[in-house]
Amino acid sequence: MYRLTSDNKIALLMHGAVGRGNGKMGYGLLRYSEAPVVVVIDRAAAGKSLQELTGIPSDVPIVGSVAEALAFGPDVLVPAIAPAGGKLPPEWIQEIKDSLKAGISIANGLHTAMSADPEFSPLVTRPGQFIWDIRQEPAGLHTASGLARETAARRVLFVGTDMGNGKMTASLELTKSLREAGLRAKFLATGQIGIAIAGEGVPLDAVRVDYAAGAIEQMVVRHGSDNDILLIEGQGSLLHPASSATISLLRGAMPTHLILVHEAGQEGISSFPWVHFPPLTEVIRLYEMVASAAGALPTAKVAAIALNTANLNDADALAAVEQTRAETGLPVTDVIRYGTAPLVEAVRPR
């Protein structure tokens, strides 16, 4: 399996996505990638400040084309958007080809596979050059059997009220804090962005549904004996009418703890306005009920809430944290704004 390391230099292909929600793969790599991002490609934002557009403290330049990006010496191009359906925009095909012809590798998190595509694969001609299709079903899968429940490590699963609301960010931040506290903590990636960052994981939305829980189970069991605590990246939401990933995560990981991720002020599913959120106390009850199958399976309680306050000013963000804490009686924090201390205390082994 390929892996992005500190020896690589990344160019993010993000036309029209810088500063928008569908640029989340780029944002994740900018924040957490071991491989440095040296340039961002977005013709709509060329020459503008990345920090001003995204809030990420970075002075990486934004240019308008792959040809301009070559001056910054990238050796890996990442199509760093998360479009509906995960398909490669047709207008990006030539830029992918231009990158390959220039000797640049591709780390591809889209559903559109490239490594075996006759349009792209013949252009991989240089030693060490590659096309890494991240969304590939792992080999040797089996159906789940509940074996993860026997794993000695604590298993913390991040669940959400919606898709794309910060589950990966919260899990990576908490992993870092637990390691700093001296614990053997491991982040288990379940999506293309997390896998690009961690170098391993299960791309859950590329796994056949019969094997999805089993794929998570295998990953949890594989790492459970070497770690004190596993932080399992969440996907989707039980409240989302188009999401099926969460149940596979619940059954495959057999979590000991849940952390609920919610965007402050959001009242319903962003892509389905007719779906309105129940009170958070009811969402918590739902997740705990489904996790335990109403008592048939081991219990998993929501231990804390990771509140995403990115769209609020400082005063409103602090008020939202306090209100959510009072409403639920649980530890609450925004991991970017206020750190992870309440989450650490909620899940660390005593």
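Predicted model: local features only at pLDDT ≥ 70, side-chain atom pairs only at ≥ 80, totals over all residues.
Residues are numbered from 1 along each chain as its sequence is written, and side-chain values use heavy atoms, with hydrogens and water left out.

Let me begin with helix H8, residues 245-253; helices here are DSSP runs of H or I with at least four residues, strands are runs of E with at least two, and both are numbered from the N terminus. Seven of the nine residues of H8 are buried, so this helix is largely enclosed by the rest of the structure, where buried means under 20% relative accessible area, exposed means over 50%, and partly exposed is in between, using a 1.4 Å probe and protein chains only. The buried ones are Ala-245, Thr-246, Ser-248, Leu-249, Leu-250, Gly-252 and Ala-253. What covers these buried residues includes strand S7 (154-160), helix H7 (209-224), strand S9 (229-232), S10 and H9, with contact meaning heavy atoms within 4.5 Å.

How do H8 and H9 cross? Their axes come within 10 Å and cross at roughly 55°, and that makes H8 oblique to H9. The axes are lines fitted to C-alpha atoms, for helices over the stretch in contact, and angles run from 0 to 180 degrees between N-to-C directions; under 35 degrees counts as roughly parallel, over 145 as roughly antiparallel, 65 to 115 as roughly perpendicular, and the rest as oblique. On the H8 side the contact is made by Thr-246, Ile-247, Leu-250 and Arg-251, and on the H9 side by Tyr-287, Val-290 and Ala-291.

Directly after H8 comes Met-254, whose phi is positive, near 45°. Met-254 sits in the loop between H8 and S10 and, at 10% relative accessibility, counts as buried. Ala-293, in the loop between H9 and strand S11 (301-308), also has a positive phi, of about 50°, although it is not a glycine; Ala-293 is partly exposed, with a relative accessible area of 32%.

Now to the loop between strand S10 (257-263) and helix H9 (280-291), where Gln-266 lies. Gln-266 is buried, at 15% relative accessible area, and its side chain makes a polar contact of 2.7 Å with that of Asp-162. A polar contact is a pair of N or O atoms within 3.5 Å; within protein, one must be able to donate a hydrogen and the other to accept it, and residues adjacent in sequence count only if both atoms are side-chain atoms. A polar atom of the Gln-266 side chain also lies 2.7 Å from the backbone oxygen of Gly-268.

Which residues have the most contacts inside the largest nonpolar core? They are Leu-12, Val-40, Val-78 and Ile-96, in a core of 56 residues. Apart from it lies another core, of 41 residues, among them Ala-153, Val-202, Leu-239 and Ile-305. Such a core is a set of buried Ala, Val, Leu, Ile, Met, Phe, Trp, Tyr and Cys residues joined through side-chain atoms within 4.5 Å.

Finally, Leu-343 is found in helix H11 (residues 341-347) and is buried, with a relative accessible area of 0%. Leaving aside neighbours within four places in sequence, Leu-343 is in contact with residues including Leu-174, Ile-259 and Ile-305.
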